[in-house]
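My plan is to look at the whole chain before turning to single residues.

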Amino acid sequence: LSPIGVTIASDRSGSWLVGFDLATGQGRAAHRLPDPHSFCNDMAVAADGSVYVTDTNIHVLRLRPGATTLETWLSDRRFMPGKGGGLDGIAFGADHRLYVTSIGAGLLFRIAVDRGKAGEVTQLATSRPLTRPDALRPIARNRFALADGGGQVDLVAITGDKAEIATLDDHLDEGPTGVTVAADRTTVWYVEGQLNHVFDPSLRNQPPKLPFRIS
């Protein structure tokens, strides 16, 4: 987050995609995003093992299997129509297309994928407004779990160019930022990131509420 003035004690600059060994927790890979103003936010893994990454600007990046460098796969100015952040959540649907959220504008997009190449980009019409759509994870049959930083976790069901939004949990004052779906496809886990302590200057020097929870 150093491009927007949020820094930590580290000897590594820039924004990175990092991989770990799940059995040991040891780091296995680290790939720096090419633009010094990039903000590595979320990722989705394709069937061929390629990793697609959202840069919270207007770029989707890709790391091919065996590659050491992230490449710009798609850029579209519609992903960030104003101030406040661009791309965030990313997930493959059952239709093998990529779905991405634009956090600042509260938008949802579908990206066609043709033999690894980016195709048509379509903005989807949502049944109700999204406040700060963050992480997106597939459930089944083009249904997704969505963390909305405005204070709720949603179920997103996509039919054609429309997305029906149903609330799973709301009144989450600490802003859900991450979400995942258990193997049973009926349980959704989420975290509340308390990002107001990061982005609101009046709260930056105040301690967050403890403990942080996984729900």
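Predicted model: local features only at pLDDT ≥ 70, side-chain atom pairs only at ≥ 80, totals over all residues.

Entry one, the surface. I then turned to burial, and of the 215 residues in the protein chain, buried ones make up 40%.

Entry two, the fold. I went through the secondary structure and found that the protein chain has one helix and 17 strands. The radius of gyration is 17 Å, close to the 17 Å given by the globule rule for 215 residues, so the protein chain is as compact as a globular protein of that length. Along its principal axes, the C-alpha trace spans about 45 × 40 × 40 Å. I also looked at contacts with a separation of 6 or more, and residues 24 or more positions apart account for 40% of them.

Is Glu-174 buried or exposed? Its relative accessibility is 13%, and because buried means under 20%, Glu-174 counts as buried. I followed its side chain to that of Lys-209, with which it makes a polar contact of 3.1 Å. Setting aside the neighbours within four places in sequence, I noted that Glu-174 is in contact with Glu-192, Gly-193, Gln-194 and Lys-209.

Entry five, Asn-142. I found Asn-142 in the loop between strand S12 (133-140) and strand S13 (143-148). Asn-142 has a relative accessible area of 13%, and it is therefore buried by the cut-off of under 20%. Which side chains does the side chain of Asn-142 join by polar contacts? I wrote down Asp-95, with a polar contact of 3.1 Å, and Tyr-99, with a polar contact of 3.3 Å. Leaving out neighbours within four places in sequence, I listed contacts of Asn-142 that include Gly-93 and Ala-94, as well as Val-156, Ala-157 and Ile-158.

Notes
Residues numbered from 1 in each chain as written. Heavy atoms only, no water. Helix = DSSP H or I, 4+ residues; strand = E, 2+ residues; numbered from the N terminus. Rg over C-alpha atoms; globule rule 2.2 N^0.38 Å. Buried < 20%, exposed > 50% of the residue type's maximum accessible area, 1.4 Å probe, protein only. Contact = heavy atoms within 4.5 Å. Polar contact = N/O pair within 3.5 Å; in protein donor to acceptor, adjacent residues only side chain to side chain.
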